[in-house]
Amino acid sequence: MKDKVYLAAGGTGGHINAALSMGKYFETKYDVRYFSGTRYLDYKLFNNLNVQHLDSKPLRTKNPIKLLINITKNSLIFFQLILTFLMNRPKFVIGAGGYVCGPTLMSAWVLGVPVFIIEQNAVMGLTNKLLSKIAKKIFVNFKDTKGLERTKKVIKSGNPINSKIQFTPQKVEDGILKVLIFGGSLGAEQINESVLRLINKNPDFNLKIKHQVGKNKIKENISKNDKIDYEQVEYIDNMEKAYEWSNVIVARAGASTISELRVVKKPSILIPYPAATDNHQFFNAKLLKEESEFNVDLIDHSLYKDELADEVLKKLEFINENKLVYKEIHNTLSENPNEII
């Protein structure tokens with residue numbers, strides 16, 4: 001009988017996909033099980049897997065009554081998990097991000113089960129700051145992670161990603177720049193509105209745009225443009241094919257996206273999410289720009305609609321005029337982010 005391993009992640013595609021990537025890696029050796037939350041992606045991405053959904057709550061709030069309620073709910077989940085782990089004791093437990101990691105890893109640690117955490121962002125989140133005290137190892141995505149004191153626990157492993165996402169040479173259509181646009185797993189209204197304005201403009205070169213808009217955000221009656229072939233989808237299930245198809249990527253700067261861009265190595269235009277906790281997406285994007293051999297542009301996330309559309313188009317014009325998609329980039333990834341345990 002295989003030893004059991006539990007992976008906890010929830011809330012965002014970045015957290016969940018990291019857990020799924022590790023789960024895929026571990027499943028040949030262990031009986032892999034998951035804990036997640038109760039939001040949309042928690043159910044969508046863990047569908048048909050051995051997962052238990054927990055209504056865990058955040059501790060970062062200025063409302064003292066809400067904080068007390070959330071602590072109470074998390075405490076009840078904590079004791080529920082104590083019973084789960086007593087009946088199904090795991091070999092170890094890994095937290096890949098999200099509120100669910102707090103009670104999950106704490107309950108495992110109380111029972112003497114080894115716990116590990118992954119900090120995907122350039123700025124350490126509150127939950128991971130608390131869990132870092134009990135974790136045996138802390139796997140980080142960035143060498144200089146803010147808020148994390150250097151200890152022997154820290155290992156720069158990179159971020160676990162879908163193993164199907166690979167570096168492939170650019171496939172260039174003569175005179176057409178293929179642009180993949182997404183604003184995270186659930187879309188981004190700021191980016192969506194700006195793209196609609198972009199396709200009303202008249203670039204002097206041809207564009208093909210594939211745009212992930214998010215759940216229930218498909219727009220009808222999109223304006224036609226002779227220079228821009230535009231396609232919108234709610235969610236891209238086959239991200240590896242989308243990356244392979246594209247010449248340029250326009251996206252937010254979540255940890256999972258940054259890690260995937262490190263592998264695919266294509267010119268990228270990043271628009272950090274303005275409301276990200278501790279502005280961590282800005283620091284994610286900044287560090288990627290500093291370390292990358294491929295072109296990475298950052299756009300001011302305070303811009304909106306027409307201004308943002310103009311700035312994106314300006315960056316695309318620069319990439320097209322300077323033939324940056326033709327720049328020869330080799331796959332020099334020196335680490336396997338999945339091999340962390």
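User: What counts as a contact here, and which residues does Ile 209 touch?
Analyst: Contact means heavy atoms within 4.5 Å. Leaving aside residues up to four places away in sequence, Ile 209 touches Val 179, Ile 181, Leu 198, Ile 199, Ile 228, Asp 229, Tyr 230, Glu 231 and Trp 245. This is a predicted model, in which local features need pLDDT of at least 70 and side-chain atom pairs count only at pLDDT 80 or more, while totals for chains, interfaces and linings use all residues. Residues are numbered from 1 along each chain as its sequence is written, and side-chain values use heavy atoms, with hydrogens and water left out.

User: Which residues touch the most other members of the largest nonpolar core?
Analyst: They are Val 179, Leu 207, Ile 209 and Leu 316, out of 28 residues in that core. A nonpolar core is a set of buried Ala, Val, Leu, Ile, Met, Phe, Trp, Tyr and Cys residues joined through side-chain atoms within 4.5 Å. Buried means under 20% relative accessible area, exposed over 50%, and partly exposed in between (1.4 Å probe, protein chains only).

User: Which element gives the most to this core?
Analyst: That is α10, with 6 residues. Helices (H or I, at least four residues) and strands (E, at least two) are DSSP runs, numbered from the N terminus.

User: Turning to the aromatics, how many pairs are there?
Analyst: The count is 13 aromatic pairs. Rings of Phe, Tyr and Trp (its six-membered ring) pair if their centres lie within 6.5 Å; planes under 30 degrees apart count as stacked, over 60 as edge-to-face and the rest as tilted. Phe 26 and Phe 92 are edge-to-face, because their planes stand at 75°, with ring centres 5.7 Å apart. Phe 26 lies in helix α1 (residues 13-26) and Phe 92 in strand β4 (residues 90-95), so this pair ties together parts that are 66 residues apart in sequence.

User: Are those two buried or exposed?
Analyst: Phe 26 is buried at 4% relative accessibility, and Phe 92 is buried at 5%.

User: Which cluster do the ring pairs form?
Analyst: Ring pairs link Tyr 25, Phe 26, Tyr 30, Phe 92, Phe 116 and Phe 139 into a cluster.

User: And why is α4 said to be largely enclosed?
Analyst: In helix α4 (residues 101-110), 7 of the 10 residues are buried, so the rest of the structure largely encloses it. The elements covering those buried residues include β1 (4-8), α3 (64-87) and β5 (115-119). Just after α4, Gly 112 takes a positive phi of about 80°.
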